[in-house]
Every structure is written in C-alpha cells, then in structure tokens.
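Morning, everyone. Please look at the model on the screen, and I'll walk you through it.

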Number of protein chains: 2
Amino acid sequence: MSTSDRRSYHHGDLRAALQQSALQLLDAEGVDALSLRAVARHAGVSPNAPYRHYRDKDALLAALAAHGFTELAARLTDAVAHPAAPGADGADGAELAETTAAMARATVHYALEHPGLFHLMFGHPCIGHPEVVSASDAAQSVVATHLAAFVPPEAGESLKIGVWALVHGLSVLLLGGRLGALTPDRTDSLIDAVVHTLLDTGAARTTPRADR
Amino acid sequence: MSTSDRRSYHHGDLRAALQQSALQLLDAEGVDALSLRAVARHAGVSPNAPYRHYRDKDALLAALAAHGFTELAARLTDAVAHPAAPGADGADGAELAETTAAMARATVHYALEHPGLFHLMFGHPCIGHPEVVSASDAAQSVVATHLAAFVPPEAGESLKIGVWALVHGLSVLLLGGRLGALTPDRTDSLIDAVVHTLLDTGAARTTPRADR
DNA sequence: CATTGGATGTTGACGTTGCACACATTGTGG
DNA sequence: CCACAATGTGTGCAACGTCAACATCCAATG
C-alpha cells in the first residue's frame with residue numbers, strides 16, 4: 001500500500017496515516033488539488049473512512065495547518081539556538097537583525113520545503129479553527145520571545161508584528177517564485193540583505209552593511 | 001436579474017457582467033466558495049455561458065486577480081500622491097517611513113475592503129498566469145518607484161523587496177483578524193507604529209543622501 | 001469461553017461542481 | 001436577403017463532499 005500495510009479490516013492508526021498521506025499530497029499537488037477522497041485513496045482506505053477521524057474536510061486541513069505551525073515553531077527555536085551565520089559577529093549591536101534574519105531564513109526554508117502546507121497555513125480562510133489559532137499563536141510567541149531580548153517591551157509589540165509580517169511576506173514572495181529562481185545560497189543572502197537593509201543599524205550601528 | 005436586465009438571447013457584455021458578479025461573490029462568500037456555476041447564476045445566464053469568454057475557471061480567477069493588482073497599483077499611487085498623514089511634516093529623514101506607511105495603509109485598506117479578492121491575488125497558486133504576473137509586477141514597480149527617491153539604487157532592490165514583503169505581511173496579518181478586531185483608526189495607527197519601528201531609526205537615517 | 005457493544009471501515013446514494021459536446025439563436029457582412 | 005461566425009443553452013459525465021445504513025473487528029463482561 002502507499003503508506004503502510006493494512007493488516008485487515010482495521011487500520012492500526014488511520015488518523016496518523018491520513019495526516020501523512022495528506023501532507024504528501026498537499027506538497028505534491030497543491031492545496032486545491034487535495035481531495036479527501038484522494039487522501040483516503042492514498043492511504044488505501046475507502047472514501048468515507050476519514051470521516052471516522054475528522055468531522056469534515058476542513059477539520060483535516062486544520063489539523064495539517066496546526067501541525068505545520070508547531071513544526072515551524074520548532075524550526076524557529078532551532079534557528080536561533082545554534083545560528084548558521086558564517087561571520088559570527090554576534091557580539092555587537094546587530095544581533096537583532098541577525099536573529100531576525102535567522103528566523104526569516106528558517107521560515108523561508110520551511111515554506112520552500114512544504115509549499116502546499118505553507119500556503120494552507122497562511123492562505124486558507126477556513127483556518128479560523130481554534131486548534132490552528134493556538135498553534136499559530138505559539139509560533140508567533142517564539143518570535144516574540146527571541147525578539148524581547150533586544151528591545152524594551154514598549155516597542156516590543158510593534159517589532160513583533162513587524163518582524164512576523166516581514167518574515168511571512170518574504171516567504172510568500174519567495175514561494176511565489178516571483179523574485180526569479182534562486183539557489184538556496186542566493187536565497188539566504190537575499191534574505192540577509194533585505195532584513196539588514198530594513199532594520200540593521202537600529203540601536204547600535206549607523207551604517208547599512210553593504211556586502212557583495 | 002441580479003446585475004442587469006437581459007434583453008434577449010444575447011447579453012450585451014457578458015464578460016464584464018461575469019467579472020462584476022464574480023467580484024461580488026468573491027468578497028461575499030470567499031474564494032473557495034466561488035463556483036463558476038454560481039457566477040453564471042448570479043449573472044442570469046446558463047452554467048456554460050462563461051466558457052465563451054473564459055477558457056476555464058482559472059482564467060476567470062486570473063482576470064479577477066489582474067484587475068485587483070491594477071486597482072491596487074492605482075491606490076498605491078494615490079496614497080503617495082496626496083498623503084493623509086496627520087501632523088508629520090515630510091521634510092526630515094522620516095520620509096521613507098512615511099511613504100512606506102502610506103502604501104501599507106492603502107494596501108491594508110484594499111485588503112480589508114476586498115478580502116476575497118486579496119486572498120485570491122496572493123494566495124491562489126493557479127495564478128502563475130502571465131496576465132496576473134504582469135499586473136503584479138506593475139504594482140510592485142509602483143512601490144519601487146516611490147522608494148527610489150530615498151535610497152541609492154544599490155540598496156534599492158533589497159528595500160523594495162523588504163517593503164513589499166512587509167506591506168503584504170501586514171495585510172495578511174490584519175486580514176486574518178489575528179491581531180484582534182480593530183477600528184479603522186486603530187488599524188492605521190498600528191500600521192504606522194510597526195512601519196516606523198522597523199524603518200525609522202534604521203534605514204531612513206542611514207542613507208544620508210536624500211538626493212535631489 | 002461465548003456474547004455483545006462500541007469503535008472503525010465499507011457501500012450506496014444524493015446534490016454540486018468543472019468541463020466537453022452538440023444544439024439553438026442572433027445580428028451582421030456578402 | 002441570407003449564410004455565417006459569435007454567443008448563449010442543454011445534456012451528459014466524472015469527481016467531489018457528505019449523509020445514512022451496513023459490515024467487521026477488538027475488548028470487556030457474563
């Protein structure tokens with residue numbers, strides 16, 4: 001079978017299998033091409049089997065989106081925990097920009113890795129589901145936490161929103177492939193350049209870092 | 001009939017009527033609730049009439065999206081042409097932030113006015129349509145033009161991408177209603193605060209040459 | 001052990017959708 | 001005046017989401 005062998009009439013853990021199948025199809029075929037029936041087919045069960053585990057199609061999509069946000073949050077914390085930045089100039093005042101760039105890179109990578117999922121997470125309107133909202137809030141709070149170290153709580157709210165918006169906007173732009181096809185390296189340096197152009201030099205430095 | 005009286009077998013300008021009906025339904029019911037048949041119904045014609053004017057459903061959606069980008073571009077130029085900014089005098093170095101905030105406000109307003117359309121413009125993957133791409137590029141170039149006055153062409157690319165990403169991210173965030181329900185006034189001041197937090201003390205002052 | 005009940009998967013059906021085909025109606029150029 | 005291309009209609013089909021009824025299995029109870 002596509003995902004795992006079915007022992008008999010009962011499938012050991014259909015819920016997880018459906019989620020897995022849905023994720024594969026989502027990133028392979030796109031959001032709107034994802035049909036509940038196709039998911040069931042891929043999992044090797046009848047078209048109506050999913051209804052024993054999800055109330056309707058939106059419930060499945062919501063579960064996928066929530067999973068995506070949780071995974072994104074993990075990526076974000078990882079990205080900040082051990083930075084992949086080459087120069088390692090972390091000591092001076094550009095830490096804010098560097099942290100932001102790291103989170104932007106992580107988000108964009110995740111978006112490019114899972115385009116269908118990402119589009120579902122941010123694009124689908126039916127995702128007012130509370131499950132999704134809380135997962136999304138958790139991811140956002142990761143950003144807020146990492147940002148809080150650099151600014152007074154006064155401006156923290158604006159910064160948080162701005163950075164989250166910037167990161168998300170960059171992801172969408174790059175996902176759309178509108179900025180030309182880029183190698184992963186070029187993508188990273190583009191992200192760095194954009195982030196630094198916007199908010200470098202804020203507190204400490206006064207000259208934009210113009211590399212390249 | 002819903003839109004206009006049909007004189008007889010032939011409808012004077014079905015193409016435009018369909019577009020109009022589709023726009024109404026789009027913002028009323030949401031993107032995925034929009035069916036070609038519903039559009040035809042709303043326009044008072046048979047389910048297959050649209051196929052004489054649009055190759056398929058995606059073609060209709062693409063036309064709508066392109067229309068949206070064109071209208072957005074117009075709003076952007078308007079917003080910068082006669083700024084609605086309150087006490088802010090534009091003579092000092094904060095012009096960049098003020099211009100950006102104006103464009104962000106215009107975009108967010110447009111997004112909140114036409115949520116369905118906006119979601120289609122940025123969310124729908126089937127919009128690789130060349131018609132949409134060129135309209136989107138036109139809108140983006142409006143942003144680039146207004147930004148070019150404040151920075152050297154060197155950093156212009158990064159700034160353009162960053163501002164476009166920021167504006168789009170803010171729109172999505174506010175469209176999603178994730179930041180709490182806001183009055184229009186509160187929305188505007190939130191946008192201003194975010195944009196200034198990101199740009200004011202940073203990029204604006206770092207470019208000493210306010211050329212020309 | 002046998003029974004039985006709830007959880008899980010299946011089958012059939014209904015209404016809706018996007019789209020392809022053949023057909024009807026029109027006003028317009030020869 | 002009339003054929004013809006443009007435009008709208010009708011019918012049909014496969015796929016979809018979802019509901020209702022049925023089948024099958026595991027597990028607890030006697």
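Predicted model: local features only at pLDDT ≥ 70, side-chain atom pairs only at ≥ 80, totals over all residues.

Residues are numbered from 1 along each chain as its sequence is written, chains are lettered from A in the order in which they are written, and side-chain values use heavy atoms, leaving out hydrogens and water.

Now the interface. In chain B, 38 residues are in contact with 40 residues of chain A; contact means heavy atoms within 4.5 Å. The buried area is about 3,000 Å², and carbon and sulfur atoms give 67% of that. Buried area is the accessible area (1.4 Å probe) that two parts lose on being put together, summed over both. On the chain B side, B:Ile161, B:Arg178 and B:Leu198 lose the most area to chain A, together 19% of what that side buries.

How many salt bridges cross between chain B and chain A? The rule finds zero. That rule wants a side-chain nitrogen of Lys or Arg within 4 Å of a carboxyl oxygen of Asp or Glu.

Which helix of chain B gives the largest share of the side that touches chain A? H7(B), with 14 residues. Helices here are DSSP runs (H or I, at least four residues), numbered from the N terminus.

Last, helix H4 of chain A, residues 95-113. Of its 19 residues, 15 are buried, meaning under 20% relative accessible area (1.4 Å probe, protein chains only).

Note on methods. Helix = DSSP H or I, 4+ residues; strand = E, 2+ residues; numbered from the N terminus. Expected span 1.5 Å × (residues − 1). Buried < 20%, exposed > 50% of the residue type's maximum accessible area, 1.4 Å probe, protein only.
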